[in-house]
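Reader: Hi! Could you walk me through this one while I have it open?

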Amino acid sequence: MEKWFFINWQAIFVPNISVLELIIRGSLVYLALFSVLRLLPSRQLGTLGITDLLVVVLFAEAAQNAMASNYTSITEGAILVGTVIFWSYLLNWLGYKLPQFQRFLNPPPLLLVKNGRMIERHLQRELITDDELMSKLRQQGVEFLADVKFAYMEADGRISIIMSDSKTSAVREQKVALKSDLH
């Protein structure tokens, strides 16, 4: 009964591992995982696929012991969380202040379609099949590839589309005709 009310305050708040070691471990693991994830292709086109989720879960499991060996105190957990937040903020701040660093953090848009033609080497680089690209185009209301002037894969994996002038002007003419019919 006595153990139910006993609290080991030292075990809760006093770190068992050096604070500097925790910071170094957290920093190395964060930067290593960031680098690996940055180099992987944006395979799922703006969605979180099952393989992406699996990678995140396995990374978290593998990184847990590397970051802190066997930490038990709240303080050690707070130091690791603080270290990860610090690196996340620092990298975003550097990307904001240094445009060349931003290109490393967020790659420039990748051209996938130009004047109605797929750029196969870019699709292969990102492991995107023709069917996957057409599926994403249809989801954005594109019926024919020939109507697409440019399609880019953005840094977040989404596809942005610029329609050809003939299609754009046809849509504008339809809107103007609808407005005049309403008045």
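**A chat about the fold, a hairpin and a core**

Author: Happy to, starting at the hairpin of β1 and β2: two residues sit between the strands, and Asn115 there takes a positive phi near 50°. Strands (E, at least two residues) and helices (H or I, at least four) are DSSP runs numbered from the N terminus.

Reader: Before going on, what kind of model is it?

Author: This is a predicted model: local features need pLDDT of at least 70, side-chain atom pairs count only at pLDDT 80 or more, and totals for chains, interfaces and linings use all residues. Residues are numbered from 1 along each chain as its sequence is written, and side-chain values use heavy atoms, with hydrogens and water left out.

Reader: Thanks! How many helices and strands does the protein have?

Author: There are eight helices and four strands, and along the sequence they run α-α-α-α-α-β-β-α-α-β-β-α.

Reader: Back to β1, then. Which strands does β1 pair with?

Author: Pairing takes at least two DSSP bridges between two strands. β1 (residues 110–114) pairs with β3 (residues 148–153) in the antiparallel sense over four bridges, and Lys114 stands opposite Phe150 there. With β2 (residues 117–118), β1 is also antiparallel, over two bridges, and Val113 faces Met118 across that pair.

Reader: Is β1 mostly covered or exposed?

Author: Mostly covered, as four of its five residues are buried. Buried means under 20% relative accessible area, using a 1.4 Å probe and protein chains only.

Reader: And the largest nonpolar core, how many residues has it?

Author: It has 15 residues, and Leu112, Val113, Met118, Leu133, Leu137 and Ile159 have the most contacts inside it. The elements giving two or more residues to this core are β1, α7 (130–139) and β3. By nonpolar core I mean buried Ala, Val, Leu, Ile, Met, Phe, Trp, Tyr and Cys residues joined through side-chain atoms within 4.5 Å.

Reader: What does Leu133 touch?

Author: Leaving out residues up to four places away in sequence, Leu133 touches Leu112, Val113, Met118, Leu123, Ile128 and Ile159. Contact here is heavy atoms within 4.5 Å.

Reader: Changing topic: where does Ser27 lie?

Author: Ser27 lies in helix α2 (residues 19–39), and Ser27 is buried, with a relative accessible area of 11%. A polar contact of 2.6 Å joins its side chain to that of Trp87. For that term, N or O atoms must be within 3.5 Å, one able to donate a hydrogen and the other to accept it; residues adjacent in sequence count only if both atoms are side-chain atoms.

Technical notes:
Buried means under 20% relative accessible area, exposed over 50%, partly exposed in between (1.4 Å probe, protein chains only).
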